[in-house]
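User: I'm new to reading protein models. Could you walk me through one?
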Amino acid sequence: MHKAPRGTFDILPQEHAYWKHAEEKAVSLCLLYGYQPLSTPIFEDAQLFSRTVGKGTDIIDKEMYVFQDKGGQELALRAEGTAPVCRAYLEHGLFNLAQPVKLYYIGPAFRYERPQAGRYRQHHQFGFEALGEADPVLDAEVIEMAWRFFISLGLSGVSIQLNSIGCKLCRPGYLEVLRRHYSGYTERLCSDCKARLTRKPLRLLDCKQAVCQEIAGTAPKTTDHLCHECRLHFESVRRYLETLGIPFHLNHGLVRGLDYYTRTVFEVEPQEKGGQSSLGGGGRYDDLIETLGGNSTPGVGFAAGLERIVLNLKRESLDIPPLPRPVAFVAYLGQEAKIDALKIASELRKAELAIIMATGDRSLKGQMRHANSLGSTYAVILGKEELSNRNAILRDMASGDQQTVPLTELTRVLKQGQK
Ligand code: AMP
């Protein structure tokens with residue numbers, strides 16, 4: 001028997017109530033802030049990711065699904081959402097529009113990770129990006145949006161972790177200071193951090209190993225080594241967040257695992273924290289578009305993982321709006337009535353009523369059991385006698401009350417009774 005590949009799972013109908021809830025909140029949030037939808041392909045030129053997310057990151061070196069197509073082109077399954085949005089921005093000349101251009105997406109991302117709760121090989125991201133504007137007020141707006149998203153979902157106790165990691169002018173100086181700090185501790189570092197020291201020193205700060213965390217705790221802070229512009233930018237972001245009343249925690253260990261970030265970085269943590277807990281993350285990426293061959297164009301954005309949102313909605317036992325159920329189940333008695341049932345079900349659907357028509361030749365009792373299990377509000381029962389009088393029996397499935405309704409009145413009565 002085939003099973004879904006390791007690290008992936010099917011989303012069954014009963015689960016979709018959670019997904020629908022999250023996606024509806026995401027879309028209405030984006031409308032509120034003037035973001036428009038963008039869909040990009042599920043695979044891209046592999047280099048799109050390696051040039052932006054960066055060689056030496058886990059995503060590129062260990063996790064990307066790369067393959068050659070039959071034409072010999074090296075492609076990768078979408079590993080994250082920001083680089084494809086920037087690629088589309090350049091490809092379609094969206095820089096000619098009024099800036100910033102605000103776009104959002106919902107779709108799967110693929111990473112070959114070690115599967116565990118909240119970490120999968122296919123996950124779904126909801127993300128939004130504002131391109132073409134460096135104003136720190138936009139950073140604050142993006143963080144407010146992320147915050148509002150989780151509040152609107154009903155999740156309590158989420159917190160925002162915030163940091164600034166500077167720009168290409170001030171970061172090299174900071175990395176020098178950081179390396180100097182770590183040079184005294186090389187022997188104590190975990191093997192990953194030993195490699196990070198030369199390849200990705202910024203990532204030393206967010207290692208989860210206890211010893212490395214202890215060393216990171218005394219490391220120089222990025223925010224103490226920002227250039228004048230980056231410092232002013234970060235001060236403004238914090239001031240705007242305070243103006244908006246958005247709570248945040250400065251987290252000097254927050255650096256994000258993708259190379260393209262500059263200045264503001266932030267993550268949203270749920271109430272119950274853990275290794276794989278981050279609900280979403282984002283920040284500014286002022287050099288990304290230039291890396292892709294465009295003019296220097298600032299950008300800021302955020303992405304959340306839908307699986308982790310669903311996990312937390314369940315964890316908090318939140319009431320989620322149920323998926324819509326059929327208004328009526330059309331039951332029939334005998335083969336002659338079946339023809340009428342077919343026509344009536346079709347007419348009711350034309351009137352936008354959600355209908356399930358019985359199939360097979362089950363007894364009336366069997367058909368009512370079926371209607372009940374589907375959660376149908378009514379059953380429309382069609383027997384020979386009713387049909388000869390152009391009537392139907394309408395049964396309220398909750399109370400069991402029945403009434404005779406002329407076929408010509410059926411649509412109106414069902415519309416009225418639609419709950
Ligand atoms: P990133 O693109 O790494 O910044 O991830 C953004 C968000 O996507 C994270 O905060 C998670 O909520 C989610 N996410 C990332 N990787 C995975 C994964 N392997 N499985 C499930 N969710 C993930």
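User: What order do the three strands of the open sheet have, and is the pairing parallel or antiparallel?

Analyst: Strands of a sheet pair through backbone hydrogen bonds, either parallel or antiparallel. Here the order is β2-β4-β3, with antiparallel pairing. Strands are DSSP runs (E, at least two residues), numbered from the N terminus, and two of them pair if DSSP finds at least two bridges between them. The model is predicted: local features need pLDDT of at least 70, side-chain atom pairs count only at pLDDT 80 or more, and totals for chains, interfaces and linings use all residues. Residues are numbered from 1 along each chain as its sequence is written, and side-chain values use heavy atoms, leaving out hydrogens and water.

User: Which are the edge strands?

Analyst: Those are β2 (43-45) and β3 (66-68), each pairing on one side only. Three bridges join β2 to β4 (residues 74-77), and Asp 45 stands opposite Leu 75 in β4.

User: Which strands does helix α2 lie across?

Analyst: Helix α2 (residues 46-54) lies across β2, β3 and β4. Helices are DSSP runs too (H or I, at least four residues).

User: How many disulfides does the count come to?

Analyst: A disulfide is a covalent bond between the sulfur atoms of two cysteines. The rule used is a pair of cysteine sulfur atoms within 2.5 Å, and the count comes to zero. For Cys 190, the nearest cysteine sulfur, that of Cys 212, is 3.7 Å away. For Cys 207, the nearest is that of Cys 193, 3.6 Å away.

User: Is Cys 207 buried or exposed?

Analyst: Cys 207 is buried, with a relative accessible area of 7%. Buried means under 20% relative accessible area, exposed over 50%, and partly exposed in between (1.4 Å probe, protein chains only).

Notes:
Contact = heavy atoms within 4.5 Å. Axes fitted to C-alpha atoms, helices over the stretch in contact; angles between N-to-C directions.
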